[in-house]
Structure formats: structure tokens, C-alpha cells
Number of protein chains: 2
Amino acid sequence: MGVYISGVGMTQFGKSTDPLEEMMAQAASLALKDARLEHVDALYIGVMNVEEFVGDSNFATLLADTIGLTGIPSTRVETASSTGAGVFETGFYAVASGHMKNVLVLAGEKMTHLPTAKTTRIISEVIDRSERRYGATMPALAAMIAQRYAQEYHLSAQDLEEILSQVAIKNHSNGVLNPYAQFKKKITREDYLKSQMVSYPLRRYDCSPITDGAAAIILTSEHTPVVVSGIGHATDTSAVSRRASLTSFNSTKEAALKAYSMAQLNPADIQFAEVHDAFTPFEIIGTEDLGFFPPGQGWKALAEGETHLRGKLPVNLSGGLKSRGHPVGASGLAQLVELVYQLRAEAGEERQLRRAEVGLAQSIGGMGNNNFVTILERSDRKRVLQEGWKPSYRPEIRVLKKAASPHSSIKAGILEAFTVLYATPEGFRSPLTLGFVKTRDGERVMACNPDYRSPEELKIGKRVFLDTREGLYVFEKFTFSRFLKRLIKGKPVSQP
Amino acid sequence: MGVYISGVGMTQFGKSTDPLEEMMAQAASLALKDARLEHVDALYIGVMNVEEFVGDSNFATLLADTIGLTGIPSTRVETASSTGAGVFETGFYAVASGHMKNVLVLAGEKMTHLPTAKTTRIISEVIDRSERRYGATMPALAAMIAQRYAQEYHLSAQDLEEILSQVAIKNHSNGVLNPYAQFKKKITREDYLKSQMVSYPLRRYDCSPITDGAAAIILTSEHTPVVVSGIGHATDTSAVSRRASLTSFNSTKEAALKAYSMAQLNPADIQFAEVHDAFTPFEIIGTEDLGFFPPGQGWKALAEGETHLRGKLPVNLSGGLKSRGHPVGASGLAQLVELVYQLRAEAGEERQLRRAEVGLAQSIGGMGNNNFVTILERSDRKRVLQEGWKPSYRPEIRVLKKAASPHSSIKAGILEAFTVLYATPEGFRSPLTLGFVKTRDGERVMACNPDYRSPEELKIGKRVFLDTREGLYVFEKFTFSRFLKRLIKGKPVSQP
């Protein structure tokens, strides 16, 4: 059964003094009004972590009551930071089943009322325990992915800085035109370079902000101008260290393949996209994973203006998570609201695309392990589909074997990626140097280093020793004198 | 599209030393083996509060990975203590939509590793904030509902004690025969009377225990011996005080009506049922809300043995939440696993019913505000349906107006229900006397009383004064001398 969109709504993103349920009720009210409905058959609520951000449980019930629809079925859905896309998918199946005619899909998060350190701790709980215990945060993992991307595609530190700054500058520039965006402020390259280092090489302007916000969509089995034409959803390993590749997200690729296949479209058919830029490198990687550009070429397309407002394939016209804001549970749904505004030509003169008939949104859950790709289309569109695209990959979710718990035998390996984390979680000193080390037997492990304090001392691709302290892997520069010292101490050494 | 069940599995309920994801993976593995599947199209995960019980987020991803199905879509679903039924409903729509062929529905909770006071606090977060701040716990609210039931149906305190003890004795007796049950221990009326008072009149044996456990079901579009024939889901007000009735759950009634209507069955067709007995009074009320017995008659049916193992309509053959245990997120799904064991004649010689062709499960989320009714049936059954039942109600979710915040003007009202809570949450002294007071203008408010220490001093139906202290309503016995004193003080008095 076809599933259509009959109403959308969202709150102004930013800092709100309203309770979460009130914010969400406002978005719901706008969507109901837009759809000219007073009642729906069911409510699907997306919130990532209402338990710890707000201290409530049983939130789906509270929402039905707050909206004034007490009685109707209400279910909470969660897939970490892609929750907004997850709740949309869940509502989609409910309507597609034929059991429901109209459902209200609602997503929100309230985050700004807590101290940043607490928010960081709560968000870090999406990270696999084996990596979280090193003090790894989301920016730290994203930073290592960015480092690895530069390494694999032969980009210098300066190149990488230039590329990442361009994402931030473009999305802030788009955000200025979006009335719902948290930041309506253009930034310059100088602003970017002045912004604080969060986790080398990522600066504050590489990271999406902490935001309050809510978004709502009405899904219906009745024909409307906007149809849901493709949905894909896929997971990847909980631990980043167990992935075959660090420079693309297999879960995006797999989700994209499903969405394209369901929509019978290919990447060249997509006219505009919202791509999950929780961290600037993710937008570049996203545009490659989605098949818009070949691996390692996403940054070039950006540099050449292809993803700009008036480019061939505008990306994050809303300002993205970077500038619109990132209320974690809401972002995935806000992306879809943005697509609808464009498809219905309601995005406002300056931001509206001339050709907006088919749009795509990609949402990342956790550190790239619960991802969605959703394609929305004008239902009156004459389909003249682009031909010729074949996915160059069948994204196999290849999984590296689980690293054994750190034990006392000394190992050695290659430093695959590293970061120096300045904004550390509670209980970890700052700065904290973290890295991924690939051992000779093909395992990848996270490791820390208490000695290095500056990124300049480290180089990706170099051999390192792996020691263990207090149950954690520690990496050290591989030097011949250290090698000899260890040999003399009689500790087993496995050379990389 | 028809949705069938091809596999089920559950862990031994009780105290487990395994991490939650391992427990859930065990249940998943049993269900996959039962269905002879190695792969499914999607995973739906039900956990009520993994954030606070376990300290994890992004749990749907971790589960896909732990089960060894990295890559497939995985979504977490939550509806408070009915989460197990909620995740089943969500998986049902995914298959019913035709987009999925086989989905694994998985629910679990790990609770026993925390101190009881912390567990109580976490569970209390399902209660509306307006009632939670009085120190109201789930047993306290259930106790007041039990008190009100006795009052409305003219049962003495002794009658009520007798009735509640019979629920506990029956369910413990059934649990002895269930290999998965937490308690395999018959209890006597003496054991019941000796058990500690938790919240007057509810004793420890009236309350379901704290439990670790997981359950799994495979839903499929392929024809199997067990078909999902009806699902109903409904909500009620977040605050108990705003409900029209305290002695039945409208959300159960509404969900039942939907489930019967979808299945084209009526209550007389149901051969056995699992009813959410988180507290013993809920089983009695449940059997009435489901249309098995008229309002106020559920206790008689139990007393006459109708709901016993060899009765006309056996209820909680599994031992129920009371004896099988209540891992909050898992219970709703474990009920359905139990129905499948019976429908497939795999419940074991002593527990197996001779006639098990259609079974029903009812699950309560929160304090009766996110409820499910699910009907499973043998797909080879020759339907000879019972005629003649008409629902005597169209359950209207009538909502009382929101009580104004406590202000200084003195009111008076009628004490509708009360409890003396002994197991108080952190920060509240024990015992704590709580009550519902209905004011003359039709509002129902929660109120506390710091003076009463014993249930004997209070009587339902009596007039009380309502005062306010520190933003909370406080009730006091209505005496003529108090009335005069207040008049003299010049405070406005609204007589009930």
C-alpha cells in the first residue's frame, strides 16, 4: 500500500524553556493542522534518551495525553541518533500494513538544560562499552575517522582542515536562510580556524551543537502530493574497531541500496539531500556512501560547489545538523520535514530549489551503526529516470573478529588513526590521546597513550608497541631502543 | 496480510549473572532454532529502561551485533511495562505491510543487579510527575485501586484480603509447573498473611518480583500452526487522578474491543488467558475489563475456580508476572510465548490444556495507561464461534480536568482511596500515607498525610480537609472543631 505525507511541522530549534512534551505537542499540533486532521489512528514517538535527559519513562503515554489524544495507541521508538528516521520507518509500516489510515510520527529531544559534561556522558552511552571505557566520545571517534579518511585519500592535514571548514561554512550559510535553524549566522574560514579544538583535528565548528527541538509528520494511506518512495535501514558493528573500513559507513551503503531498490531510483535521480553532518567529515563520507560521488571524491564535489545551494546536488539546504541543530532524537525526522518543505515548494524564496521533485535523507544512529536512508518524492512527478547506475559495491557488512581483552603479552601494530581529545568525559584527564591500532593478526583495538600531548608527535601508518595497563591497551612509539629493552626484559614481542 | 508465528524462545526467569544482551541473544537463538531460520529481515528490540538499569544506549544495534546478525535493521520499541507486547505489535505491522517476511521480536530486562531502592526509583519514573512527587510508587497506586475496588463492590477489608490472597496462591501454584518461572514454590494462605506489608493493603505476595529475563518470537508471513488473530492497543491519562474510573482500566477495555473486533471473536471464545498481574488486584480487574466476567464479579469467578488450572477459563497458567517473574520489558512477550506453548501443546503434561486453540494476553504499560490485548489462535482451528456477546460498554477514554496546582485556599473533599506505603522511595519517610481526594468541583487530586500512621485511622468515603504544604496537597480528617477553627482563622472553606 502506498504511504503518503499529509502534514508536517517542527519547532524552532535551539534552546527552549518548554518541557519536552510541550515542545513535541507544538510540533504535533502544527502537523495536524497542516493535514487538517483532529484525530489519528496511532502515535509513534521518537526520543533517544528521555530517561536520562529528562528523567521520565512511559513517555509515549504522556505524549498522547499532552497532545489531547488520550486513548489512541502510542509507541516509543528508538535507534540512537537516527531515532527520528526510525520512528518514521515504524509509522510507515503501520500505514503500509493497511491497519492504520493516519498516524502521527513525532520526534524530539531536550538537551540544553543539562551541563555539557553530563550531556556528553549521556550521548557517549551509544558507544560500545569496549571503546567507551577508554574515554572515547563521539567527537573522538569522528576525529579518528576523519584522520583515516585523509590518510587513505592522501590528503595533508592542511587539505583536511580546508575540506572540513568548507562543510561548516556551507551549512552555516544555508542555515541563515532556514527560519527553524538554531544558528542563523554565516561563518568565515577565520571563524572556523579560531574555533576551539574539541578532538584533533575536529574543532567546535566541526561538531553539531546541543539543541532542543521537535518535529512531526503525518503519514497517511490517502493520496497526497508527497509519497514515501524508498526506505532503507541497516546496522553495523557496535564497536567501530570491528569494521572492515573506517572511511565509509557500510550501514549507510546497505540502507541506501535498499532505499534505491524500493524506490526504483538510482543516486543520479536524487535532486537534493539532507545528509547527517553531526560531524563535518560525515557529510563528505555520506555523499560517497550514498553513491553521489565515488569514494574519496566527496570533498572535491563540495570544493567545486556541486553540493552548494545552487549546485547540481544541494546537500543540507536546511543547514544540516551543524547549523539547524541536533536534538538527537529529532534530527532524523526534521530532515524529512525539510524534504517536504522543498517538495511542496514551501522552503522560502531564497532557499527553495527550482527543481525539487525527489529528495533523500540519510540519518546516522550511534557511531554509524544504525543508519537510515529515506527517499521522498512528489507523487505527481513524471518519472524520467536516470539510467546506467550500478552500485559498484554490494555492501557486505564484514566484521573483524572481536579483539581479546587486553592481556599482559606485549604486542605491536600499526597506528591506523588517532586523536587528541580535549573535551574529555568526567573521570578522564584532558588531553587524552586515543588511537586505533591494527595488530599483526588482523585485530583492530582501541588504545590510549598517556605520554603524547600533541598531535604533532604522532603519525598514522607508523609502527607502535601495544602494552596494557589497568585492563586497557596503551600504545607507544616503536623505537629500536624500546624494542631492545623489551627483548632484554624477556617480554614476548610480536613485531608488526 | 496474515501474520504467523514460526518460532518462540525464552530464558529461565529469575536472577541471571549474564549481561542483558547475552540473555536476549539466548532467547533469540532459541526462537531462531525453533523456526529453523538463520537469518531474519529485521530485528525489533523491546527494553523498558536499558539506559538506567544497565547504563547503555543504542541497544538495538548492540543486540543485532550480539546475535550475530550485524547489518539487518534493528529498532528498539518501548511502551513502559507493556514493552514486550508493544514490540510484538510493531513487528506485526512490519510483516503485515508485506515489506518483511521474517522478523525477530525480542524483549528483555535486567533488574536484579541493582539495589531495590534504585530499581523502585527507576520503575517509579513511569508514574506521572504530578503523582510521583508525592512519593507514590507503583504498589502505592495499585493499593489505592484495590481499596477503591473493595469500596465500590462492598467488600470488607477481610474479603479483599481473601480475594487477593487467592490470586497469589493460584499463580504460585501454576508457576510450580512452569520450568521458566522465577518461583517454583506453592504458597499457603498463612504464607500470604505472614508476608510483609508493602503498601496497605498490598503485601509482598501481592506484588510481582524483580526479575531478569528475555523472550523472543519470530513473526512470519508464511503459514504456520499459530496465527496472530487480533491486536489492540490503547492509552489512558498519564495521571491516575484524571481517570473517570479507578476500578477498571479503560485502556484494557479499548484494546480488548479492538483485538476482539480484528479477530472477529468475543470474550466467550477465549479458552485461556495471560493477564497482567503485576499486582494481584490487576488480575481481577483485568478479567473484568476483558469482558470475561461482569464488573465486580471477577473475584467471584476466581473464588469459584473458573480461572484455575482446570477451570473453565484458566488465567495465568504460566504463573503470571507474580510467579514467573516480571522483567518489565520482557513480560508482555513472555505472555505470548506462553500462549504459543499452549497452542502448540508444548506446555508440559501437567500444565497443558486439553483445549488450547485460542488464547489471549493482556499487558499493562505504566499504571494502566499503555495497554495491549493480543489474541493468538491455532491456524487449523475450525471456527465455531460463540455468539451473543455484545460489549456492554463503548470504552470512552473520559478524562477529568487537570487539577490546578496546589494553592493556599483550603478545600475539602471526599477521600476516594488511600494507602499507607511502607516501602517508600529515597527521600520519603516511611510510612507514607497517600490518598485520592475528590473535591466538590469534580477534580481528583493526590494528597498525602503526615499524621496518619495506621490504615485503621482512615476510611474511604469520608469527608477530609485539603490543605497545602510545600506545594503538595495534604488531607486531614474533617472534624467540626477543625471546621470552626478554620472559619475563625478566616480561611475560605469549601464544604464538600
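## Basis of the report

A residue counts as buried under 20% relative accessible area, as exposed over 50%, and as partly exposed in between (1.4 Å probe, protein chains only). This is a predicted model, in which local features need pLDDT of at least 70 and side-chain atom pairs count only at pLDDT 80 or more, while totals for chains, interfaces and linings use all residues. Residues are numbered from 1 along each chain as its sequence is written, chains are lettered from A and ligands numbered from 1 in the order in which they are written, and side-chain values use heavy atoms, with hydrogens and water left out.

## Nonpolar core

In soluble globular proteins, nonpolar side chains tend to be buried together. A nonpolar core is taken here as a set of buried Ala, Val, Leu, Ile, Met, Phe, Trp, Tyr and Cys residues joined through side-chain atoms within 4.5 Å. The largest such core has 84 residues, and A:Phe88, A:Leu219, B:Phe88 and B:Leu219 have the most contacts inside it.

Contact means heavy atoms within 4.5 Å. Apart from neighbours within four places in sequence, B:Leu219 is in contact with residues including B:Val3, B:Tyr4, B:Ile5, B:Phe88, B:Phe92, B:Val95 and B:Val228. Among its other contacts are B:Lys101 and B:Asn102.

## Helices α4 and α14 of chain A

Helices (H or I, at least four residues) and strands (E, at least two) are DSSP runs, numbered from the N terminus. Axes are lines fitted to C-alpha atoms, for helices over the stretch in contact, with angles from 0 to 180 degrees between N-to-C directions. In chain A, the axes of α4 (residues 83–96) and α14 (residues 331–343) come within 4 Å and cross at roughly 70°. That makes α4(A) roughly perpendicular to α14(A) (65 to 115 degrees; under 35 is roughly parallel, over 145 roughly antiparallel and the rest oblique).

From α4(A), A:Gly84, A:Ala85 and A:Phe88 meet A:Gly332, A:Leu333 and A:Leu336 of α14(A). By class, this contact has 4 nonpolar, 2 polar and no charged residues. Nonpolar covers Ala, Val, Leu, Ile, Met, Phe, Trp, Tyr, Cys and Pro, charged covers Asp, Glu, Lys and Arg, and the others, Gly among them, are polar.

## Aromatic pairs

Rings of Phe, Tyr and Trp (its six-membered ring) pair if their centres lie within 6.5 Å; planes under 30 degrees apart count as stacked, over 60 as edge-to-face and the rest as tilted. The count over all chains is 14 aromatic pairs. A:Phe292 and A:Phe293 form an edge-to-face pair, at 6.4 Å centre to centre with 75° between the planes. Both A:Phe292 and A:Phe293 are buried.

B:Tyr180 and B:Tyr341 are stacked, because their ring centres are 5.8 Å apart and their planes at 5°. B:Tyr180 lies in the loop between α8 (157–175) and α9 (189–194) of chain B and B:Tyr341 in helix α14 (residues 331–343) of chain B, so the pair ties together parts 161 residues apart in sequence. B:Tyr180 is partly exposed, with a relative accessible area of 24%, whereas B:Tyr341 is buried at 10%.

## Backbone features

The peptide bond from A:Ser430 to A:Pro431 is cis, with omega near -5°; A:Pro431 sits in the loop between β12 (411–421) and β13 (432–439) of chain A.

B:Asn58 is not a glycine but has a positive phi of about 60°, and B:Asn58 is buried, with a relative accessible area of 3%. B:Glu470, also not a glycine, has a positive phi of about 50° and is exposed at 82% relative accessibility.
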